[in-house]
Each structure stands twice: as C-alpha cells, then as structure tokens.
Amino acid sequence: MKRIFVILFSIAIALVAKTQTIHDFIPDADRGDVVAMYNLGICYQQGYGCTPDLGKSFYWFHKAAEKGYAFAQYNLGTYYENGESVAKDCSQAAYWYRKAAEQGEANAQVQLAMLYDLGEGVAKNEEQAAYWYRKAAEQGIAEAQCYLGTCYYNGEGVAKDEEQAAYWYRKAAEQGMAEAQYNLGTCYYIGEGVAKDEERAVYWYRKAAGQGIARAQYNLGVCYENGEGVAKDCSQAAYWYRKAAEQGEANAQVQLADLYFFGKGMAKDEEQAVYWYSKAAEQGIVDAQYNLGVCYYNGEGVAKDKDKAKYWLEKSASQGYEPAKDVLLKTF
C-alpha cells in the first residue's frame, strides 16, 4: 500500500524554513499555536533547520492532532500505519485518518479507504472503502480515482458499472497514474465501459509501459506481435516482452521464448528460448512447461535429457494441458 504525505503543505513549510529557523516556531508551539506545532513536526520530519528526528516529529504532530489539525492528524496516522517512531498500530492509524478525513483531508480519505479495503485496523468493509475513495477521488487524488474505478469494475462496495470504472480510470490516467493507464488500456482493448478501440488501448498501454508496468509492457508486446492497434512488428514485440519478462512477468517470458525459438523479430536462438521457457515454466505456465519438456526431449537449446523432458511434460499435463498428455502417451 502506498503512503502519501501532505506534499503541498510540506512544500509551503519548506519555503518558510528558508527564512525562519526551527527556533522561530518553538515559542509559538509552546504557547499552543497549532500551526507552529505542525510546522515543528514537519521540520523534525524533513530535517529543515535541524537533524531529522521522527520521535520529535511524532510528538509535535500528536500535539497538533489533538487540537484538531487535519494535516497533523493525517501525518500522525501515517506514523502509526508505518510504525515510524511508534509501534505499528493500524487501528490508531484508522482513528487518526478518520479524524482528518471527516475534515475533508483528501490524503487521509484515501488511506482510510485502503484500510477498509484491506481490513487493516478496521473490519473489512467494501462499502466504506468505496465511500472514502469517492470522497478523495472527487478532490482529484489519482490513487483514489483509480481504486474507485476498480470498485466499479469489480462491483466491490458499489454496483458493478464498467462505464463508471472507465470514467474514473481515465481521471487517474490523465494525471499520469500508471496503474490507471494500464486499466484504461484494458477497457479499450476489451471494449468494457467504452467502445472497443485497439489504437486507444495501445496508446494507454504505452503510457503505462513507459512507467514500468509489466502487464502493460506484456500487453503492448501482444499488440505489436498481432498487429492490434499498431502495425505488426515482432522486433517491437520482443522489446516489450523482454521489458516485462525481466520483471518476472511469466506470460511475457513464454512469448519472448517463442520469438527466440522461431526467430521472429530477432535471430533464432534456441538457448535463449530454453532460458525463458524455464523462467515461465517455474512460474507454472503450462505451455512453457510443455515447450521446455519438448526442448529437453529433442535437445533443442539444451542437452537431451529424457528425465527432465518427462518431468516438465508431467508438470504441464498435471494442469490439464492436452498436448503434454498426448506426448507423454506417445513417447513414455
């Protein structure tokens, strides 16, 4: 779960810190000025004019939070959730997030929603998760928009509504959130919540792929290999499959292996094919297990080894893969 700090207000404090020292805040904080208390918490957290000290930061955030200061309540919640300078306590995190969320603090709203979504510190409650995601989404928080889209897509806490899912994915995607870009690309690819449009799918997959989302890299590779929404280009397919495969995306690993085995988009290289079939086979991909078994049986890219061939063919067959069953019946 990602954690968000109050960025805009922290930036404002950083600007103040250039002209004021931490000692300028202490007298006002000691007199009970809530903003000064919060400022001290930020200074100790970020090391503005002092050595960073999360214990002192926690102290001043707590002081300000008890006086009802929403930004402090939110940051105090993050300390409890992450176990920073205090024992990890998601119930206390939820308590303080709620205090801030009820005052309209958007980052607290999305974090409270996440706790409800996961059932951490509170009883799992998809309706409450969707409620708070919406509150934050309406304030423009990209994460909340994406997760609210997923609530609509899956019918979690709200009635299933693919059009609303696509609507909120787009809101987040346009802010640059990679997961939302991937999800919106998939909506366009399948035609869920929007008219099917492979070119738009490729557009959003490329956006997400460029930010390192392995599933988007894989899907972009599929589009290039099949010529869906983009001109067919197996070298580009291989490029994106490799990007995803190197992150452990199993389907990309088997597709990359196939390109190496057949010499599509790159020079034929059976050893590299075996390497990537092995990676995917170890993650349980049935056709990779089958192809790896065949490679061992025929000595393609690897020394012949009937025992290993049988091992991988049985792995594949045990998952119901019919070609593997047929080969086992005919050869062993």
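The following legends describe close-up views of a predicted model.

View 1. The structure holds 23 aromatic pairs. F58 belongs to helix α4 (residues 54–66) and Y80 to helix α5 (residues 70–82), so the pair ties together parts that are 22 residues apart in sequence. Both residues, F58 and Y80, are buried.

**View 2. Aromatic cluster that includes F58 and Y80.** One aromatic cluster is formed by Y38, F58, F61, Y69, F71, Y79 and Y80.

**View 3. Edge-to-face pair of Y297 and F332.** A pair of aromatic rings is described by the distance of the centres and the angle of the planes. For Y297 and F332 the centres are 5.9 Å apart and the planes stand at 75 degrees, so this pair is edge-to-face. Y297 lies in helix α17 (residues 286–298), whereas F332 lies in the segment after α19 (322–331); the pair thus links distant parts of the chain, 35 residues apart. Y297 has a relative accessibility of 26% and counts as partly exposed. F332 is likewise partly exposed, with a relative accessible area of 38%.

**View 4. Charged side chains over aromatic rings.** R200 lies over the face of Y203, at 4.8 Å from the ring centre. In a second example, the charged end of K268 is placed over the ring of F261, 4.6 Å from the centre of that ring.

**View 5. Salt bridge between D28 and R31.** Side chains of opposite charge can pair when their charged atoms come close. The model contains six salt bridges. In the one formed by D28 and R31, the closest N and O atoms are 2.3 Å apart. D28 is partly exposed, at 29% relative accessibility.

**View 6. Salt bridge between E198 and K196.** The closest N and O atoms of E198 and K196 are 3.9 Å apart in this salt bridge. E198 is partly exposed, with a relative accessible area of 27%. K196 counts as exposed, at 52% relative accessibility.

**View 7. Salt bridge between E314 and K310 in helix α18.** E314 and K310 form a salt bridge in which the closest N and O atoms are 4.0 Å apart. The two residues are four residues apart in helix α18 (residues 306–317), so about one helical turn separates E314 from K310. E314 is partly exposed, with a relative accessible area of 39%. K310 is also partly exposed, at 36% relative accessibility.

**View 8. Buried and exposed sides of helix α2.** In helix α2 (residues 22–30), the buried residues are I22, F25 and A29. These residues cover an arc of only 60 degrees around the axis, so they lie on the same side of α2. H23 and D30 are exposed on the other side of α2. Just after α2, G32 adopts a positive phi of about 95 degrees.

Technical notes:
Residues numbered from 1 in each chain as written. Predicted model: local features only at pLDDT ≥ 70, side-chain atom pairs only at ≥ 80, totals over all residues. Heavy atoms only, no water. Phe/Tyr/Trp six-rings, centres within 6.5 Å; stacked < 30°, edge-to-face > 60°. Buried < 20%, exposed > 50% of the residue type's maximum accessible area, 1.4 Å probe, protein only. Lys NZ or Arg CZ within 6 Å of the ring centre and 35° of its normal. Salt bridge = Lys/Arg side-chain N within 4 Å of Asp/Glu carboxyl O. Arc of directions from axis to C-beta.
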